[in-house]
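Please read the following walk through one protein chain with the sequence and the 3D view side by side.

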Amino acid sequence: MSPTGLLFLAFVLCLILRVPIGISLGLSSLVVIYATHVVQPTYLAQTLITGCDSFPLMAVPFFILAGELMATGGISRRLLNIADAFLGRK
């Protein structure tokens, strides 16, 4: 079976088993990597760690965390009230 066929088969199988889409994508990719022996597992781990060390990619989860903290603390509602006071129609 071709790697593409194996990828889609593993993905569809994960979806049938009701695995979430993001995890299904990762699992099906790992199945193809291990089945075809294209990439050594040590190289895969090394690449994942190197990819997580990118500052622009690290900014995305921290931005989401800051938004969650602002929403939970109520500061976002207060900021919107201030913006509405200055720019809103009344």
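In which helix is F55 found? F55 is found in helix α4, where helices (H or I, at least four residues) are DSSP runs numbered from the N terminus. The model is a predicted one, in which local features need pLDDT of at least 70, side-chain atom pairs count only at pLDDT 80 or more, and totals for chains, interfaces and linings use all residues. Residues are numbered from 1 along each chain as its sequence is written, and side-chain values use heavy atoms, with hydrogens and water left out.

Confidence comes next. The term pLDDT stands for the predictor's confidence in each residue, from 0 to 100. The protein chain has an average pLDDT of 86, and 99% of the residues score at least 70. Where pLDDT is low, the predicted coordinates should not be read in detail.

Now consider α1 and α2. Two packed helices are described by the angle between their axes and the distance between the axes. Axes are lines fitted to C-alpha atoms, for helices over the stretch in contact, and angles run from 0 to 180 degrees between N-to-C directions. The axes of α1 and α2 cross at roughly 145° and come within 8 Å. On the α1 side of the contact are P3, L6, L7, A10, F11, C14 and L15, and they meet residues of α2 including I21, S24, L25 and L27; contact means heavy atoms within 4.5 Å. By class, this contact of α1 with α2 has 13 nonpolar, 4 polar and no charged residues. Here Ala, Val, Leu, Ile, Met, Phe, Trp, Tyr, Cys and Pro count as nonpolar, Asp, Glu, Lys and Arg as charged, and the others, Gly among them, as polar.

S24 lies in helix α2. S24 counts as buried because its relative accessibility is 0%; buried means under 20% relative accessible area, exposed over 50%, and partly exposed in between (1.4 Å probe, protein chains only). Leaving aside residues up to four places away in sequence, S24 touches F11, C14, L15 and V19.

The loop between α1 (3-16) and α2 (21-36) holds R18. R18 is not a glycine, yet its phi is positive, about 65°. With a relative accessible area of 76%, R18 is exposed.

F55 is exposed, with a relative accessible area of 67%. M58, also in helix α4, is partly exposed at 29%. Not counting residues up to four places away in sequence, M58 touches C52 and D53. After α4 comes G74, with a positive phi near 90°.

Technical notes
Helices (H or I, at least four residues) and strands (E, at least two) are DSSP runs, numbered from the N terminus.
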